[in-house]
Amino acid sequence: MLTNLVMGFQQILHPGTLLALLVGSIAGYFIGAMPGLTPTIGIALLIPFTYGMSPVPSIVMLVSLYMAAEYGGGITAILVNTPGTPAAAATALDGYPLAKQGKATKALGMSIMASGIGTFISTILMILFALPLASVALKFGAPEYFALSIFGLSVVAGLSSDNIIKGLLVVAFGLLLTTIGIDPIAGTFRYTFTCNLMEGIPFTQAMIGLFAISEVFNMIANKDSTYNEIEKLEGKLPTFGEVSRSLFTIVRGSVIGFIIGMLPAAGANVACWVSYNEAKRTSKNKENFGKGELEGIAAAESANNSAVCGAMVPLLTLGIPGSSSTAVLIGALMLHGMQPGPLLFDQNPEIPFSIFASLLIAVPLMLAIGLCGTRIFSLVTLIPTNILAAMVLGTCILGAYALSNSMFGIWIAIIFGVIGFFLRMFKFPIAPMVLALVLGNMAESNYRVAMLMGEGNPMVFLTRPLSVAILILTLILFCAPIIQSKILSKRRG
């Protein structure tokens, strides 16, 4: 393996490959920061430009774009509460409050540092454990995936510890919305009064509405309050002490993101919330989460970036995409005459080991671009609120339209903007809604398949060791925040 890794670094250090790495990273930053342009869309847009390139630089360019786009999504999440990618939604919970406090540079700095460290740790894990971990992930069936989706939904207890009832109500409403579309088992139509809903509610447009458009409505409704002006920008990056205090959170988030990223249909969208919840549950400053806690940014950003490496594991070792972005990467590999899977390491070892090397080299490059750009990015917070609201709304409408090329996407974003606005008004948490929209289809389809496997007997979930282990962990994760809050309330009383 060491010889192949050295070969990978030799491939990467070629000037043409280094240029491809740089181009992919810069393109990824811009694509990730634009609401509506996901890493999947970015990779698909860039593939035509790789036709005339040799395989190594073309794949390196696409992988570097994938990685950089996950960070880029955190830029607008922090600055204007508009997650550029779905996995950056958790970053907005603490990033945007910090930006409103005039600490956008500090929030962006923590975001890029956590992303860089998460990428480095997950790349090392990928090099060391890719093949054995992929074989474990391959054993996941419908019962395990259902247990995993319930595990993800159990995070709601930590995300809404102030009012668990409101959190559960929001999750229930979100799960109800995921029943819209074609029945995943019977193939019948459910609540599809228009053909645009046959595949369900489009997630990205819904997320744009819940976070960004609802924030615009908040700005308009509170024009005479704190939204009138953002405090003077504090142009300081996180101190060494702040980074070191978040180091354990970053390492834990990296491991969580890598493991969850390997599981198809889970990925960064789930990993960021699980990591964020764990950080909040174990933090000494849990009451600051959602109000501008750097540890929350560190947890979310380390997880969603390490999930990229996790998603690459089943792609390279088994030929199975771990995410929608890696599904497009399979097409790119096949375009260049290579079949992803176990034979890739024997027939074309330069590809996987060049990817390993490129991810390691991309860490300092991504850090340099991100840290140099934080002061420039953070100037967005000095734009007057009325102008900023118009810019955010225009960007959201453009992004929602670009995803579907129709007015339907815009209407979905606006409707969810109204829903998000009223949730905020009545103090309901938005994060559980996002979780439900991410995991609802996964939970329903795998539950029904598992019940078919067990011939209607729910004990099928307790006959498989992996699903039992996940369900036990789910119970612990759900109950721990509730027990902690009761203990704290008794001590205060």
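Cys195 counts as exposed, at 59% relative accessibility. Exposed means over 50% relative accessible area, buried means under 20%, and partly exposed lies in between (1.4 Å probe, protein chains only). Cys309 is buried, with a relative accessible area of 0%. A disulfide is a covalent bond between the sulfur atoms of two cysteines. Here it is assigned to a pair of cysteine sulfur atoms within 2.5 Å. By this rule the protein has zero disulfides.

The model is predicted: local features need pLDDT of at least 70 and side-chain atom pairs count only at pLDDT 80 or more, while totals for chains, interfaces and linings use all residues. Residues are numbered from 1 along each chain as its sequence is written, and side-chain values use heavy atoms, with hydrogens and water left out.

The protein contains 21 helices and two strands. These are DSSP runs numbered from the N terminus (helices: H or I, at least four residues; strands: E, at least two). Of the 493 residues, 57% are buried. The accessible surface comes to about 20300 Å². Carbon and sulfur atoms hold 70% of that surface. Areas were computed by the Shrake-Rupley method with a 1.4 Å probe; for residues, only the protein chains shown count as cover. Contacts (heavy atoms within 4.5 Å) were also sorted by sequence separation. Among those with a separation of 6 or more, 79% join residues 24 or more positions apart.

Two helix pairs were examined. Two packed helices are described by the angle between their axes and the distance between the axes. Axes are lines fitted to C-alpha atoms, for helices over the stretch in contact, and angles run from 0 to 180 degrees between N-to-C directions. Angles under 35 degrees count as roughly parallel, over 145 as roughly antiparallel, 65 to 115 as roughly perpendicular, and the rest as oblique. A crossing is left-handed if the near helix is turned anticlockwise from the far one by less than a right angle, and right-handed if clockwise.

Helix α10 spans residues 203–221 and helix α19 spans residues 407–425. Their axes come within 6 Å and cross at roughly 55°. The two helices are therefore oblique to each other. The crossing of α10 past α19 is right-handed. Contacting residues in α10 include Gly209, Leu210, Phe211, Ile213 and Phe217.

Ile220 is exposed, with a relative accessible area of 52%. Its C-alpha atom is 7.9 Å from that of Asn386, a residue 166 positions away along the chain.

The other pair is α7 (residues 142–153) with α20. Here the axes come within 8 Å and cross at roughly 150°. That makes α7 roughly antiparallel to α20. The crossing of α7 past α20 is left-handed. From α7, the contacting residues include Pro143, Tyr145, Phe146 and Leu148. From α20, they include Leu435, Leu439, Met442, Tyr447 and Met453.

Positive phi values were found at two non-glycine residues in loops. Lys427 has phi near 65°, a positive value in a residue other than glycine. Lys427 sits in the loop between α19 and α20 (431–453). At 66% relative accessibility, Lys427 is exposed. Glu455 has phi near 55°, again positive and not at a glycine. Glu455 sits in the loop between α20 and α21 (465–492). At 76% relative accessibility, Glu455 is exposed.
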